[in-house]
Amino acid sequence: MKYNEMLDIIENSLEGNVHLDDLAKKKNDPFKILISTILSARTRDPCTIEATEQLFKTYNTPELIANADIEHLESLIKKSGFYKIKATRIKEVSKLIVEKYNGRVPQDFNDLMDLPGVGAKTANCVLVYAFKIPAIPVDTHVHRIPNRMGWIKTKRPKDTEKELKNLFSKDQWIRLNSIFVKFGQQTCLPTNPRCETCPITLKCPKIITINKKEQKKKNKSPLI
Ligand code: SF4
């Protein structure tokens with residue numbers, strides 16, 4: 001079975017949208033997508049959503065965030081964690097967007113990477129979700145799942161991005177992040193993946209390992 005076909009099967013088993021997809025569908029505001037991606041670092045979706053909405057109720061443009069009181073910014077995004085660093089970051093990013101890009105989020109990977117605190121994952125998220133430009137943002141799910149399924153064998157997110165780009169044609173890149181993120185949240189969880197309900201169990205080497213381990217445990221158990 002081809003990788004694209006497995007991706008289709010996985011996609012059909014999933015529900016809902018990822019947070020950034022929801023943002024893009026409601027009102028495609030690249031600035032909100034960029035800021036929300038920065039706020040999402042090391043936190044869960046519900047906390048990111050709450051912090052983003054709180055912030056954008058008061059400050060919804062680069063100009064407003066650039067000129068906002070830092071302590072007020074911190075209080076609005078507190079829910080996202082690491083709020084002191086994140087408040088400083090979003091203020092710096094907003095200032096640069098106003099000064100260098102006339103208040104508009106750049107659509108170029110290198111320009112995005114030049115923004116303070118913006119790394120490859122965030123830059124690629126903005127390209128994919130805000131501008132629909134083919135890219136592969138590699139977060140924890142995108143790195144873990146294809147490795148677990150034996151599609152690639154990589155240690156660093158940078159290599160994962162490269163390998164996935166070799167595996168999939170460019171027109172497929174844009175869908176990879178949202179499928180793997182949802183799959184990682186709903187089925188192929190970081191610990192205790194729900195292999196019993198997974199639609200590609202028979203194609204996954206991980207399940208073979210799990211079954212072998214369980215079989216070993218049973219063989220050792222004096223109760224059986
Ligand atoms: S079988 Fe289990 S480990 Fe493999 S992809 Fe499915 S949920 Fe993940």
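**Packing and layout**

Tutor: Setting aside neighbours within four places in sequence, Ile-90 is in contact with Ile-35, Ile-38, Ile-65 and Leu-73. Two residues are in contact if their C-beta atoms, placed from the backbone, lie within 7 Å. This is a predicted model, in which local features need pLDDT of at least 70, side-chain atom pairs count only at pLDDT 80 or more, and totals for chains, interfaces and linings use all residues. Residues are numbered from 1 along each chain as its sequence is written.

Student: How many residues has the largest nonpolar core?

Tutor: The largest nonpolar core has 47 residues, and Ile-90 is among those with the most contacts inside it, as are Leu-20 and Tyr-129. Such a core is a set of buried Ala, Val, Leu, Ile, Met, Phe, Trp, Tyr and Cys residues joined through C-beta atoms within 7 Å. Buried is 20 or more other C-beta atoms within 10 Å of a residue's own, exposed is 12 or fewer, and partly exposed is in between, with C-beta atoms placed from the backbone.

Student: Which helix gives the largest share of this core?

Tutor: H9, with seven residues. Helices (H or I, at least four residues) and strands (E, at least two) are DSSP runs, numbered from the N terminus.

Student: And where does this core lie relative to the domains?

Tutor: Domain 1 (3-15 + 137-214) and domain 2 (19-131) both give residues to this core, so it lies between them. The bounds come from an automatic or database domain assignment.

Student: How far apart are the C-alpha centres of the two domains?

Tutor: The centres of domain 1 and domain 2 lie 27 Å apart. Their contact takes six residues from domain 1 and five residues from domain 2.

Student: Changing topic: which residues of H11 are buried?

Tutor: In helix H11 (residues 157-167), Thr-160, Glu-161 and Leu-164 are buried. Down the axis of H11 they fall within an arc of 100°, so they line one face of the helix; the arc is that of the directions from the helix axis to the C-beta atoms. They pack against H10 and H12. Lys-158 and Asn-166, on the other side of H11, are exposed.

Student: Which residues come nearest the ligand?

Tutor: Cys-188, Cys-195, Cys-198, Cys-204 and Lys-206, out of 13 residues around the ligand. Near means a C-beta atom, placed from the backbone, within 6 Å of the molecule or strand.

Student: Last one: how many helices and strands does the protein chain have?

Tutor: The protein chain has 13 helices and zero strands.
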